[in-house]
Amino acid sequence: MPTVHLLDYAAGNIRSLVNAIEKLGWDVEWITSPDQVAKAEKLILPGVGHFGHCLTQFANAGYVEPVKAYIESGKPFMGICVGLQALFEGSTENASVPGLGVIKGQLRRFKDEDKSVPHIGWNSANTSSTTESDGVSIYGLRPDSKYYYVHSYAAPYNPGELEKEGWTVATARYGSEEFIGAIARDNIMATQFHPEKSGAAGLRVIKAFLEGRKTAPLPAGTTKAADGLTRRIIACLDVRSNDQGDLVVTKGDQYDVRDKAGDKNVRNLGKPVQKAQQYYEQGADEVTFLNITSFRDTPLKDLPMLEVLRQTAATTFVPLTIGGGIRDTVDPETGTTRPALEVASLYFKSGADKVSIGSDAVTAAEEYFASGRKLTGKTAIETISEAYGAQAVVVSIDPKRVYVKDPSETTHHTVKTSTPGPNGEEYCWYACTLQGGRKTADLDAVQLVTAVEAMGCGEILLNCIDKDGTNSGFDLELIRSIKSAVRIPVIASSGAGNADHFAEVFDQTPVDAALGAGMFHRGEWTVRQVKEVLGDKGLSVRKFEEDI
């Protein structure tokens with residue numbers, strides 16, 4: 001098998017990149033020391049997370065000069081995400097840490113006045129109109145394809161500036177800002193998006209680089225997709241062991257996953273790996289695994305769930321999120337405390353792109369407010385975000401309604417509701433729960449999300465116990481309340497029963513993504529059918545591509 005070299009400097013999830021390369025028929029060899037760099041014939045520099053953290057590790061390991069020399073030698077080089085950012089002179093994410101300086105310019109944080117930051121989702125990477133009008137693609141990039149981005153900092157695009165220096169630039173637009181999505185010159189190809197997480201469109205880019213195909217004719221009839229993010233549809237799989245000891249995908253009503261009649265066994269809706277693959281092939285933009293019994297076990301010993309991740313990442317080339325047990329834990333065999341960062345690292349190495357923190361986020365938020373809003377730097381959210389970037393940390397919240405007749409009855413954030421309570425109450429607040437709804441905290445949902453945003457969380461998975469399993473649609477009032485409280489992306493969850501519910505939440509709230517579970521698991525709707533309905537209603541969705 002032909003070989004490509006990857007540089008290993010502990011830069012987040014690179015398991016999926018290896019899987020993508022191997023799927024394309026190439027072997028991967030790791031570069032683990034600076035003296036090995038010059039021996040590579042094709043070199044890929046991956047990276048996920050914080051610019052300063054990654055580049056500091058990169059420099060401390062002695063890779064700066066060897067990689068510069070490699071690039072100058074003219075041999076093929078590809079950078080991905082932070083691997084692209086490293087080519088620039090620096091980033092305002094950490095101005096004291098220099099980049100390689102191969103490309104002039106500084107990366108800057110997206111403005112969040114008109115949009116959520118981080119920028120998470122499927123966006124374009126369009127080269128100049130001249131190139132596309134000539135019917136030519138650069139390294140497999142196509143104007144009708146969408147690619148998966150997850151970042152807070154980007155290189156602003158100034159038309160013609162880098163082209164004067166011989167660079168070919170592909171851009172994307174987020175809100176009013178146009179930024180560099182990919183860039184190429186001579187032996188260099190780099191992408192801000194993650195090709196290994198961009199389905200067939202991304203695999204096409206990796207394949208073109210590996211085969212040295214800098215340009216190729218566009219397929220006949222290729223048309224440009226609309227600029228900007230598509231509407232993100234996420235398939236969620238609640239995973240737990242059943243009474244027979246097998247890991248199964250399950251779903252319940254208000255988190256009760258046992259059948260109401262008969263033997264009352266845990267509801268078995270399929271096997272996790274096969275279900276994830278099925279949703280990928282239907283066009284799901286992301287897949288989320290929630291290990292709903294992990295709080296009873298030691299995450300470091302959670303070998304079956306780690307294997308589910310490994311197997312899924314081998315064939316499912318979209319982002320994977322794993323939740324359950326991401327916390328500081330005590331190893332029962334040694335009695336030593338193992339930090340949440342170590343637990344998260346295990347999941348990242350197994351193929352996860354993001355980790356979801358639930359009950360422990362409530363505890364951390366309570367302590368945050370009790371201390372007068374002081375950050376300790378020691379919470380799971382803070383430590384993982386510092387190492388892997390805010391985009392790697394999702395907080396999953398499980399609120400439920402508490403009705404009041406008047407806002408003066410509570411100190412919590414209230415909303416005036418169009419669905420009054422049992423005694424005609426016109427207001428409610430949303431109490432946060434822990435451990436799958438079994439425990440309720442004296443903390444409301446707005447307090448929780450503002451606290452975790454301050455800690456460095458990059459995304460909110462917004463569930464709703466009142467809506468869970470009802471198939472009656474999302475809680476739009478809750479979603480609007482949370483979106484108005486934070487700048488980070490919010491995923492709507494709980495209550496979806498049909499495609500119109502997805503259209504409703506995207507049309508009537510500024511939510512960033514929407515998640516479905518039971519309606520997909522039971523086969524009532526496919527992800528593709530939901531996207532077809534959204535497309536018919538004029539909403540931008542990513543099409544599923546099969547050809548590489």
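**A site and a sheet**

Visitor: Okay, which residues does Cys-81 touch?
Guide: Leaving out residues up to four places away in sequence, Cys-81 touches Gly-47, Val-150, Thr-191, Gln-192, Phe-193 and His-194. Keep in mind that this is a predicted model.

Visitor: What does UniProt place at Cys-81?
Guide: The feature "binding site", and it comes from an unreviewed UniProt entry.

Visitor: Is Cys-81 buried or exposed, and why?
Guide: Cys-81 counts as buried because its relative accessibility is 3%, and the cut-off for buried is under 20%.

Visitor: Switching to the sheet: what's the strand order?
Guide: S2-S1-S3-S4-S13-S12-S11, an open sheet of seven strands with mixed pairing.

Visitor: Which are the edge strands?
Guide: Strand S2 (27–31) and strand S11 (168–174), each pairing on one side only. From one strand to the next, the twist averages 25°.

Visitor: And in which sense do S1 and S2 pair, parallel or antiparallel?
Guide: Parallel, with five bridges between strand S1 (residues 3–7) and S2. As one example, Leu-7 has Ile-31 in S2 as its bridge partner.

Visitor: Last one, which strands does helix H3 lie across?
Guide: Helix H3 (residues 64–72) lies across S1, strand S3 (43–45), S4 and strand S13 (188–191). Relative to S4, helix H3 runs at about 125°.

Notes:
Residues are numbered from 1 along each chain as its sequence is written. This is a predicted model: local features need pLDDT of at least 70, side-chain atom pairs count only at pLDDT 80 or more; totals for chains, interfaces and linings use all residues. Side-chain values use heavy atoms; hydrogens and water are left out. UniProt positions are given in the numbering used here, feature names are shortened, and annotations may be inferred rather than shown by experiment. Buried means under 20% relative accessible area, exposed over 50%, partly exposed in between (1.4 Å probe, protein chains only). Contact means heavy atoms within 4.5 Å. Two strands pair if DSSP finds at least two bridges between them. Helices (H or I, at least four residues) and strands (E, at least two) are DSSP runs, numbered from the N terminus. Axes are lines fitted to C-alpha atoms, for helices over the stretch in contact, and angles run from 0 to 180 degrees between N-to-C directions.
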